[in-house]
2 protein chains.
Amino acid sequence: MTIVYLAIVCGLIAVLYGFVTSRQVLSASPGNERMQDIAAAIQEGARAYLGRQYTTIAIVGVVVAAVLFATLGTLSTIGFVIGALLSGLAGFVGMNISVRANVRTAEAARGSLQGGLTMAFRSGAVTGMLVAGLGLLAIALFFWYLTGPSGLLPNDRAIVEALTALAFGASLISIFARLGGGIFTKAADVGADLVGKVEAGIPEDDPRNPAVIADNVGDNVGDCAGMAADLFETYVVTLGVTMVSIALLIQASPAELMRLMSLPLAIGGVCIITSIIGTYMVRLGRGSIMGALYKGFWTSALLSVPAIWAITQWTLGDMNAVIGGAGFLDADRDAAFDAITTGSADAAIAGVPAATAFTGTDLFWCMMIGLAVTGLIVWITEYYTGTNYRPVKSIAKASETGHGTNVIQGLAISLEATALPTLVIVIAVIAAYKLAGIIGIAFAATAMLALAGMVVALDAYGPVTDNAGGIAEMAGLEDEVRERTDALDAVGNTTKAVTKGYAIGSAGLAALVLFGAYTTDLRTYFPDLTVDFSLSNPYVIVGLLLGALLPYLFGAFGMTAVGRAAGAVVEEVREQFRDNPGIMQGTSRPNYGRTVDLVTRAAIREMIVPSLLPVLSPIALYFIVRAVDGQASGFAALGAMLLGVIVSGLFVALSMTSGGGAWDNAKKYIEDGNHGGKGSEAHKAAVTGDTVGDPYKDTAGPAVNPMIKITNIVALLLLAALAGHG
Amino acid sequence: MTIVYLAIVCGLIAVLYGFVTSRQVLSASPGNERMQDIAAAIQEGARAYLGRQYTTIAIVGVVVAAVLFATLGTLSTIGFVIGALLSGLAGFVGMNISVRANVRTAEAARGSLQGGLTMAFRSGAVTGMLVAGLGLLAIALFFWYLTGPSGLLPNDRAIVEALTALAFGASLISIFARLGGGIFTKAADVGADLVGKVEAGIPEDDPRNPAVIADNVGDNVGDCAGMAADLFETYVVTLGVTMVSIALLIQASPAELMRLMSLPLAIGGVCIITSIIGTYMVRLGRGSIMGALYKGFWTSALLSVPAIWAITQWTLGDMNAVIGGAGFLDADRDAAFDAITTGSADAAIAGVPAATAFTGTDLFWCMMIGLAVTGLIVWITEYYTGTNYRPVKSIAKASETGHGTNVIQGLAISLEATALPTLVIVIAVIAAYKLAGIIGIAFAATAMLALAGMVVALDAYGPVTDNAGGIAEMAGLEDEVRERTDALDAVGNTTKAVTKGYAIGSAGLAALVLFGAYTTDLRTYFPDLTVDFSLSNPYVIVGLLLGALLPYLFGAFGMTAVGRAAGAVVEEVREQFRDNPGIMQGTSRPNYGRTVDLVTRAAIREMIVPSLLPVLSPIALYFIVRAVDGQASGFAALGAMLLGVIVSGLFVALSMTSGGGAWDNAKKYIEDGNHGGKGSEAHKAAVTGDTVGDPYKDTAGPAVNPMIKITNIVALLLLAALAGHG
C-alpha cells in the first residue's frame with residue numbers, strides 16, 4: 001500500500017505543479033486592451049463551447065451510467081463516473097489555461113522569442129502535468145479505496161470490472177471530446193475561410209468575422225481540450241489494463257499481487273517527477289526551438305531510466321525473483337517460461353490460465369523497450385512531418401505542378417508513413433513478449449505512457465502559440481511578434497503529429513494486452529465454453545473484416561461531418577452580416593458566442609453517430625453472430641473484431657495524422673520562400689493540400705485512438721454483463 | 001474425364017467466339033485516312049510497349065522459372081510457364097483487338113449510337129471471352145494432362161503444386177501488367193497534360209503532342225491489357241484454388257474426387273456459354289446505355305442459374321448425397337457436418353484433416369451466393385460511382401467551394417464505399433460456410449468468377465470508347481460523334497469500377513480458401529509441427545500487422561511512381577519540341593514511339609520494387625521469425641500475414657477504386673452542366689479530384705488484387721519448397 005501512497009503523492013505533486021505554474025502564467029501581463037478584448041472573445045467562445053458540450057455529454061453519460069448500474073452494479077458505476085469526470089476535467093483545465101496563456105504568449109513574444117517560448121510551454125506543461133497527474137490520481141485513489149476501505153482482494157472481479165469501467169468513462173468522454181473538438185475546429189476553420197476570405201473579402205484573422213473567433217476557439221477545443229481528454233484516456237486505459245492483466249494472469253498471494261499491481265502506478269509516479277524536471281530544461285540555447293523542446297523531452301526520458309530501475313527494485317524487492325505461474329517463484333526461469341508460453345494458446349482454449357514467468361529485470365527491459373518506442377516514434381514523426389526532410393520537401397516540390405500532384409504526393413507520403421512505426425511496434429511486441437509475455441507488453445506500454453506529461457506539454461504548447469499569432473495579427477502588433485509566434489507555431493505542427501503517433505503507437509502495443517484481458521475474462525466467466533480464435537474459423541475472419549471496417553466508416557463520418565458543419569458556419573455568418581450591417585462597418589461587435597454555439601451544436605450533432613459506432617458495433621456483432629451460430633462463434637467474432645479494429649485503425653490513424661502534418665508543413669515550407677513562396681501557384685496548391693490534411697490530421701485520424709479503446713472496453717464490459725456479474 | 005473434355009470444348013468455343021467476333025470487328029470500316037493515321041500511331045505505341053514489357057517480364061520469368069525448377073521440379077515449372085504465357089497472351093490479344101476497334105468505333109459512331117455501342121462492346125466481348133476461355137483451357141488442359149497422360153491421382157501432391165505454380169505464373173505476370181500498365185497510363189495522362197496543356201498551350205487531344213499518343217496507348221495498356229491479365233489471374237487462381245482445396249480437404253475415391261474437382265471447370269464452361277448468349281442481348285432499346293449493357297449481364301446471370309444446377313446435377317449424379325468425410329457418404333448429413341465443423345480448428349492443430357460434409361444441393365446454393373455477391377457488387381459500385389446518386393453528387397457539390405472540399409468529400413466517399421461490399425462479403429462467407437464449409441466458400445468464389453467473360457466484356461468496352469472519343473477529336477469528326485462516344489465513355493467509368501470491385505470482392509471470398517489451403521499444406525508437409533494460429537499468439541498479431549502494411553506500402557510506391565514517371569514524360573516531350581521545331585508547326589510527325597518507349601521504361605523500372613514486395617515479404621517474414629522464435633512461430637506469422645494482407649487490402653483497394661471512379665464521374669457530372677459546368681471554378685476543383693483519383697483507381701487500387709494473391713501463392717510454394725517436395 002506504501003507504493004500506492006507514493007503514486008498518490010506524485011499525482012498530487014503534478015496537480016500542485018499545475019497550480020503553481022498556472023499562477024505564474026496568469027501573473028504575466030495580458031497585453032494591451034485590444035489584445036485583451038480579442039482574448040476575452042476567445043474565452044467567451046470557450047465558455048459557450050464547454051457549456052454546450054458538457055451538457056450533451058452529461059445526458060449520454062447519465063444514460064450509460066444507468067445501464068452500467070443496472071448491469072454491473074455500484075462500484076463499476078462509480079468507476080465510470082470518476083473516469084468520465086476527470087477526463088472532462090483534464091480537457092476543461094487544459095483549455096482554460098490555454099485560452100489565458102495565448103494572449104500572454106503574444107505579449108511575452110513582444111519582448112523576446114525566449115519569452116514567448118517560456119510562456120507557451122509553461123501553459124502546455126500545466127495541461128501535461130494535469131493530464132498525467134489526474135490520470136494517476138484517478139486510478140491510484142480508486143485502487144486504494146477498493147483495496148483499502150472496501151477491503152477487496154487486488155484480483156477481485158469487482159476491482160477488475162471497476163477499473164475497466166473507469167477506463168470506459170475516460171474513453172467515452174475522450175471520443176466525444178476528440179471527435180467533437182476535431183469537427184468543431186476544422187468546421188470553423190474551413191467555414192471562416194469560405195465566408196470571410198472568399199465571400200466577404202476580409203482578411204484571414206479579421207475580428208469582424210464572427211467565425212474567426214470560433215476558429216481560434218477551435219484550436220483550443222480540438223488541439224488542447226480534445227487532445228488532453230484523449231491522452232488522459234490513453235494514460236488511464238494503459239495503466240488500468242496493465243493492472244487488470246496482472247490481476248487476471250498472475251497467480252500469487254494478495255500481498256505479492258498488490259506489489260505487482262502497484263508497480264504501474266509507481267512508474268507513473270516517478271515519471272511525473274522526471275517530466276517535471278524536464279520542463280525546466282526547455283530553454284533556447286544556440287540551437288533551434290525544436291532543440292529547446294527536445295532538451296526537455298530527452299532529460300525526462302533519460303532520467304526515467306534510473307528512476308524506473310530504482311522504483312521497480314524498491315517495489316519488487318528482488319529483481320531476479322521469478323514472477324508468474326504459482327506466484328513469486330525461485331524456480332528455473334527459462335523452463336517455467338518455456339513450458340507456459342509454448343502451451344499458452346491451447347491452455348487458453350482448455351480453460352487453464354495462461355500465466356507467464358518473468359523477473360523484475362525482465363520487466364525493466366520491457367519498460368526500456370517502451371521508452372525506446374516513444375523515442376523512435378518522435379524521430380520518425382519528425383522525419384515525416386518536419387520541413388528538413390524528403391517527405392515534406394517532396395510534397396512541396398509536387399505543388400509546383402498543381403493541386404492534383406500535391407494531393408497525390410501527400411497521399412503517397414501518408415501511406416508510406418505507416419511503415420516505420422509499424423515495424424517499430426512489431427519489433428517491440430516481439431521483444432517484450434519474449435521477455436515477459438503479455439505482461440511484458442503491458443509494461444512496455446505503461447512506460448510509454450509514463451512520459452505522457454512531457455509529451456502532452458510539448459503538444460499543448462502548439463495551439464497556444466497558434467492563438468498567440470492570431471491575436472498578434474488581429475491586435476496589429478509589431479511584425480516581429482508574428483514572426484516569432486510563427487516560428488514557434490511551425491514546430492507545433494510536428495509536436496502535434498508526434499502526440500498522435502505516440503497515442504496510436506501505444507494503442508498498437510496495448511492491443512494484444514486488451515485481447516489477452518478479453519480471452520482471460522472469457523475463460524473466467526464462461527469456463528465451459530470452447531471459443532476458437534484460430535484464423536481458420538470463418539467467424540474470426542468476419543470479426544477481423546468488420547473490425548477493420550470501423551476506422552474506415554468512422555473516418556468517412558468524420559470527413560463528411562467537417563464538410564457539413566462548415567456549410568452551417570457559412571449560413572450562420574451570412575445571417576449575422578445580413579441582420580447587423582454594423583459588423584462589417586466595424587461599429588458593432590459580432591455575436592461570437594452565437595457562432596461558437598452554432599458550431600458546437602453542429603459538431604456535437606455530427607459526432608453522435610460516429611461516437612456510437614464503436615460502442616454499439618461490438619454489441620451488435622456479438623448478438624447477431626450468436627443468433628446465427630451460437631455463443632462461441634459470437635465471442636470468436638467479437639474477439640477478432642477487437643484485433644481487426646487495431647490492425648486497420650493503426651494504419652488509418654498513422655497515415656492520416658502523418659500525412660496531414662506533412663501537408664501542413666509543406667505549405668509552411670513554401671511560405672518560407674521555397675518553390676515561389678507565398679502567393680505563387682505552388683502555394684495555392686499547397687493550401688489545397690493543407691485543407692485536405694486538416695480533417696485528416698485533426699478530426700478523423702486522432703479520434704481513431706479512443707475509438708479502438710472503446711471497442712475493446714465495451715467488449716470487456718459486455719462479457720461481464722453477460723456473465724451477470726457485479 | 002468427360003467433364004474435363006466438356007470444359008475444354010467450352011474453352012475452345014470461347015476462343016472460337018473471340019476469333020469470329022474479332023473478324024467481324026476487323027471487317028468494319030476503319031474510317032478515313034486521318035483516323036487511320038492516328039490509330040496507326042496508337043498501334044505503333046502499343047507495339048513499342050508490348051515489346052519492352054514482355055522483354056522485361058521474360059527476364060524475371062526465366063529467373064523465377066529457374067528457381068521453381070530447382071526447388072519444385074518439372075511439372076510445377078511447366079505450370080508456371082503456362083500460367084505466365086497465357087496471362088500474357090490474354091493481355092496481348094485484348095490490347096490488340098482494342099487498338100483496332102477504337103478507330104472502327106469512332107467510324108461506327110458517325111452512323112449511330114447503336115453502331116458505336118455494338119462495335120465497342122464486341123471488341124470488349126472478344127477480350128472477355130478470351131480471358132475466360134484461355135483461363136479455362138489453361139487449367140482444364142493442364143489438369144487433363146496431369147491426370148490423363150501423366151497418370152497422376154487427382155489429389156497427388158504434384159498436381160496440387162503444379163496447379164499452384166500455374167496460378168503463380170498468372171499472378172506474377174498480372175501484377176506486372178496491372179501495375180506497369182497503371183503507372184504507364186497515368187504517367188502519360190498527367191505528363192501529357194502538364195507539358196501540353198500547361199506549358200505548350202496546345203489543346204488536350206492534339207496530335208502534335210508526342211505524349212498524347214502515349215496517353216491513348218495507356219488506356220489500352222492499363223485498362224485493357226492490365227485488366228485482362230488481372231482478371232485472367234483472378235479466374236485461374238479462383239478455379240485453381242477451389243480444385244486444390246477439394247484435393248486437400250476431401251477424402252474420397254479417385255473417381256469421386258475427379259468428379260468433384262472437375263465441377264469448377266464444368267461451371268466455368270457452362271457460364272462461358274451463358275456469357276456468350278448474354279453478349280447478343282446488349283442492344284439499345286428505349287433505355288439507357290447502362291441499361292443495354294445490363295441486359296447482357298442479367299441475361300448471363302439468370303441463364304447461369306439453371307445451367308449451374310444442370311451441370312452440377314450431371315457432374316455429381318445425386319444432388320442429395322453427402323460429400324466429405326470418408327467420401328460420398330449417405331450418412332446423416334447434419335450429424336456428420338456438425339461433428340466435423342465444431343472440431344475443425346482443434347483438429348487442424350492436432351493434425352487431423354478438417355473435412356466438411358455437404359451435398360450437391362448445398363454447393364448449388366453456395367454458387368447462387370456467389371452470383372448474388374456479383375450482382376450486389378455491381379449494384380453497390382453503380383451507387384457509389386454513378387452520376388445519379390448521392391456520393392458522386394456530393395463530390396460535385398463540394399467542388400463549388402474549392403479544390404480542398406472536393407478532395408475532402410472524395411476521400412470521405414472513398415472511405416465510406418468500403419462498408420457495403422464488406423458487409424456483402426461477410427454475409428456471403430458465413431452463409432457459404434454454413435452450407436458447405438471452406439469448399440462452399442470456394443464454390444461461391446468460383447461462381448462469381450464464372451461470369452468473368454461477361455464482366456470483362458463490360459470493362460474492356462470502356463477504353464475502346466475512350467480512345468474512339470480521342471480519335472474523333474483529333475481527326476476533327478462531327479461534334480455529334482464525340483457526344484456519342486462521350487456518352488458511351490461515361491458508362492465505362494462505372495463498368496471499370498465494377499470490375500475492380502468484383503475482382504477484389506472475389507479475393508475477399510477466396511482469402512479463407514487460400515488460408516485453408518495453407519493450413520492443410522502445413523499439416524501435410526509438417527505433420528509433427530504444432531502451429532498456433534490463435535489471435536493470442538503474438539506472432540499472429542505481428543503477421544497480421546505486417547500483412548496489413550503491404551497494401552499501404554504498395555500504394556505508396558504506386559502513387560509515387562506515377563508522379564516520378566510523369567516528370568520523366570515532361571522532360572522527354574520538352575526535348576522533342578526542342579530538337580525538332582517542325583513538330584509544333586505541324587510539318588513533321590513527333591516520335592510517338594520514343595515517348596511510349598520512355599514511359600514504358602519508366603513504368604517498368606518503377607514497378608520492379610513494388611512487384612517484388614509481395615513476392616519477397618512472405619519469404620523474409622518466415623525466415624526472420626524462424627530465426628527469432630523457431631519454425632512454428634515462423635509459419636504462424638506467415639499464415640497471419642496472408643490474412644492481414646486481405647483484411648487491409650480489401651479496404652485499400654475498394655476505397656481507392658470506388659473513390660477514383662466517383663471523382664471521375666463528379667467531373668463528368670459538372671461537365672454535363674451542373675454546378676456551373678465546364679470552365680467554372682467548380683469544374684477546376686473537380687479536375688483536381690479527378691487527377692487525384694487517377695492513380696488511386698487505375699494504378700495503386702487495382703494492383704492490390706494480384707498483390708494479395710501473390711502473397712498467398714508464394715506462401716504455398718514456400719511450404720512446398722521447404723518440405724523438399726517436387
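Entry 1, salt bridges. I counted two salt bridges between chain A and chain B, a salt bridge being a side-chain nitrogen of Lys or Arg within 4 Å of a carboxyl oxygen of Asp or Glu. In one of them B:D629 pairs with A:K434, and the closest N and O atoms are 2.3 Å apart.

Basis of the entries. I worked on a predicted model, in which local features need pLDDT of at least 70, side-chain atom pairs count only at pLDDT 80 or more, and totals for chains, interfaces and linings use all residues. Residues are numbered from 1 along each chain as its sequence is written, chains are lettered from A and ligands numbered from 1 in the order in which they are written, and side-chain values use heavy atoms, with hydrogens and water left out.

Entry 2, the interface. I found 63 residues of chain A in contact (heavy atoms within 4.5 Å) with 63 residues of chain B. I then looked up the buried area, the accessible area (1.4 Å probe) that two parts lose on being put together, summed over both. Between chain A and chain B this is about 5,900 Å², with 83% given by carbon and sulfur atoms.

I recorded 32 aromatic pairs over all chains. Rings of Phe, Tyr and Trp (its six-membered ring) pair if their centres lie within 6.5 Å; planes under 30 degrees apart count as stacked, over 60 as edge-to-face and the rest as tilted. A:F297 and A:W298 are edge-to-face because their ring planes stand at 75°, with the centres 5.0 Å apart. For burial I used under 20% relative accessible area as buried, over 50% as exposed and in between as partly exposed (1.4 Å probe, protein chains only). A:F297 is buried at 2%, whereas A:W298 is partly exposed at 39%.

Entry 6, a cluster. I traced ring pairs that join A:F526, A:Y622, A:F623 and A:F635 into a cluster.
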